[in-house]
Amino acid sequence: MAVETTGSALGAASSTRGASFAEQSIALGRRAVLRTVRQRGLVIFPMVFPLILFAINGSALSPATHIPGFPTDNYRDFLIAMPFIQGAMFVSITAGVDLARDIETGFLNRLAMTPLRGEALLVGQLGGALVIGVIQAIIYLLFGLATGVTLVSGVGGALVLLALSILISFAFASLGEFLALRFGTGEAVQAIFPLLFVTLFLSSSSLPRNLIKASWFREVATYNPVSYLLEGLRSLVITGWDAQALGLGFGFAIALLVVSLGLSRSAMRTRLARR
Amino acid sequence: MKRFLSVVQGVAWRSIHNTIVNPAVLVPSIVFPLFFLIAFAGGLSRIGDVPNFHYPPGYTSFQFVFVFLQSAAFGGVFTGFAVARDFDSGFARRLMLSAPRRGGIIVGYTVGALLRWVLTGTVVTIAALIAGMNVYGSGAQLTGLLALGVALNLVSALWACGLAMFLRTEQAGALIQMPVFVLLFLAPVYVPLSLLTGWIHTVASFNPVTPVLEAGRGLLAGSPVKVAIAFAALAAAGLVLAVFARRGLMSAERAG
């Protein structure tokens, strides 16, 4: 109810004195953050699930470090990148489902009757995703450190890792928003999730690309952008400051963000068409 | 008995019919095990080169057994989701009003779970054979592997149906799924038990899924191990969970 009130207040404010883009974004961002915080049950499970997998696979796959050429003798150092990406994928679903709910309940249609800018709604909605992205990135990093992960790149590397992780979460959240705007239902957004997960499995998530035995799998992992997101994060843990890995990691994250936001903007225009 | 069987038949038919005609239900139950097979047997095949890893049929076969048994377990779990959905939609209450022998409802759902898994298991097996899986076991041994899958499917279906009947909401999905998922992954999934170290070795040693997995791998390789222990563990779990499911049904009856 309070959430709806925020939107109504925004509409009233906008119509009476013409709220700026920043004011619109902040009001909607506040609403998105509040909604996220209030859905603890829905937020905690996706946050914890990657940690459970990390804890199990970090031990179960540790014999992989005996493979000649494996880049570290602690498999958890290698695997720690995975929860960040899994968590980002869950963020995309949370953001998408939240926006889809606004579409399904008619909230977006009511906003269409106000002078609200579509871009402000997009940016504001991402506020909730940003909160989850920041919290889970910190939790994953602390959990990793507590279970024996060591960052070769040191404290500076940890900060860059957090920055890249949050950027990736933001990019996936934008993708979730686009899916919501394109399909208009939470069910459709959730149905896409397995496809996102497939991209994670068909990447260098469990072994370095040069150690993947099946050539077709290695090819797929090489053309899969998720491999570069993982390798960017992983490089800070295992290698130190690897400009190429970081460049590719940040590059693909930014590319995903720009493309998703562009598509979302276009889809939002259609959704908010003032008739 | 005839009335009991008519309930079983009706519920099972509806369960499999809903699965086949609803792509949103059918596709994930087939696609997920295939992804696991591709990711594990394809992406992790180098694990088979780890020193002291010895499984003559090869890594694809090693992983096939896990994915095959996992699909059996998840066939039961997905049926639990359907039961929860039936309660959310109000169908389950109408079903209980009309069923002359309500025990047949549980049996019907478990038969539905089995039929659903027959489909998934067949697809996974064909995919593994196409991927070059080696089979060294005899016909009788492969029948044993199939029987392990059937028993695991039954056990997980009883768990899932029981819990769904206790909670009677679709939101129980995570609670139904998570223990099964965790138990499966706390077994020696990627390497044999002897190669695991640390806490995961200790947990896997006590995990009842471990002998089931090891027996399945032994049967596929033509050198059976721990088969009696595996079936005994599944029989014990089946008995306990049958009581659990029955109590779940009684709880649903009391709730009206």
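In this text, a helix axis is a line fitted to C-alpha atoms over the stretch in contact, and angles run from 0 to 180 degrees between N-to-C directions. The model discussed below is predicted.

Q: At what angle do helix α2 and helix α7 of chain A pack?
A: Helix α2 covers residues 21-38 of chain A and helix α7 covers residues 118-146 of chain A. Their crossing is right-handed. With the axes 7 Å apart, the helices pack at an angle of about 35°.

Q: How many residues of each class make up the contact of α2(A) with α7(A)?
A: From α2(A), the residues that take part include Phe21(A), Leu28(A), Val33(A) and Arg35(A). On the side of α7(A), the partners include Glu119(A), Gly124(A), Gly128(A) and Ile132(A). Sorted by class, the residues of this contact are ten nonpolar, eight polar and two charged.

Q: Which orientation, roughly parallel or roughly antiparallel, does α5(A) have to α9(A)?
A: The axes of α5(A) and α9(A) come within 9 Å and cross at roughly 165°. Angles over 145 degrees count as roughly antiparallel. Therefore α5(A) and α9(A) are roughly antiparallel.

Q: How do the residues of the contact of α5(A) with α9(A) divide by class?
A: The crossing of these two helices, α5(A) and α9(A), is right-handed. In α5(A), residues including Ile85(A), Met89(A), Ile93(A) and Arg101(A) meet residues of α9(A), among them Val189(A), Phe193(A), Phe197(A) and Leu200(A). The division by class in this contact is ten nonpolar, five polar and two charged.

Q: How many nonpolar residues are in the contact of α5(A) with α11(A)?
A: Ala81(A), Met82(A), Phe84(A) and Ile85(A) are the residues of α5(A) that take part. They meet Val226(A), Leu229(A), Leu230(A), Leu233(A) and Arg234(A) of α11(A). The contact holds one charged residue and no polar ones, and its nonpolar residues number eight.

Q: Which element gives the largest share of the side of chain A that touches chain B?
A: The contact takes 23 residues from chain A and 27 residues from chain B. By class, the side of chain A has 18 nonpolar, four polar and one charged residues. The largest share is five residues, and it comes from α3(A).

Q: How many of the residues of α3(B) are buried?
A: Helix α3(B) reaches 44 Å from its first C-alpha to its last, close to the 45 Å expected at 1.5 Å a residue. Gly90(B) follows α3(B) and has a positive phi, near 90°. The helix is mostly covered, the buried residues being 27 of its 31.

Q: How far apart are the end C-alpha atoms of helix α6 of chain B?
A: This helix covers residues 139-167 and has 29 residues. At 1.5 Å a residue, these should span 42 Å. The separation of the end C-alpha atoms agrees, because it is 42 Å.

Q: Is Asn52(B) buried or exposed?
A: Asn52(B) is found in the loop between α2 (23-43) and α3 (59-89) of chain B. Its phi is positive, near 75°, although the residue is not glycine. Because 10 other C-beta atoms lie within 10 Å, Asn52(B) is exposed.

Q: What distance separates the C-alpha atoms of Pro188(B) and Val203(B)?
A: Pro188(B) lies in the loop between α7 and α8 (199-206) of chain B and is buried, with 23 other C-beta atoms within 10 Å. Beyond four places in sequence, Pro188(B) touches Leu193(B), Leu196(B), Ala204(B), Thr210(B) and Leu213(B). Pro188(B) and Val203(B) are 15 residues apart along the chain, and their C-alpha atoms are separated by 9.8 Å.

Methods. Residues are numbered from 1 along each chain as its sequence is written. Chains are lettered from A and ligands numbered from 1 in the order in which they are written. This is a predicted model: local features need pLDDT of at least 70, side-chain atom pairs count only at pLDDT 80 or more; totals for chains, interfaces and linings use all residues. Two residues are in contact if their C-beta atoms, placed from the backbone, lie within 7 Å. Helices (H or I, at least four residues) and strands (E, at least two) are DSSP runs, numbered from the N terminus. Ala, Val, Leu, Ile, Met, Phe, Trp, Tyr, Cys and Pro count as nonpolar, Asp, Glu, Lys and Arg as charged, and the others, Gly among them, as polar. The expected span of a helix is 1.5 Å times one less than its number of residues. A residue is buried if 20 or more other C-beta atoms lie within 10 Å of its own, exposed if 12 or fewer, and partly exposed in between; C-beta atoms are placed from the backbone. A crossing is left-handed if the near helix is turned anticlockwise from the far one by less than a right angle, and right-handed if clockwise. Angles under 35 degrees count as roughly parallel, over 145 as roughly antiparallel, 65 to 115 as roughly perpendicular and the rest as oblique.
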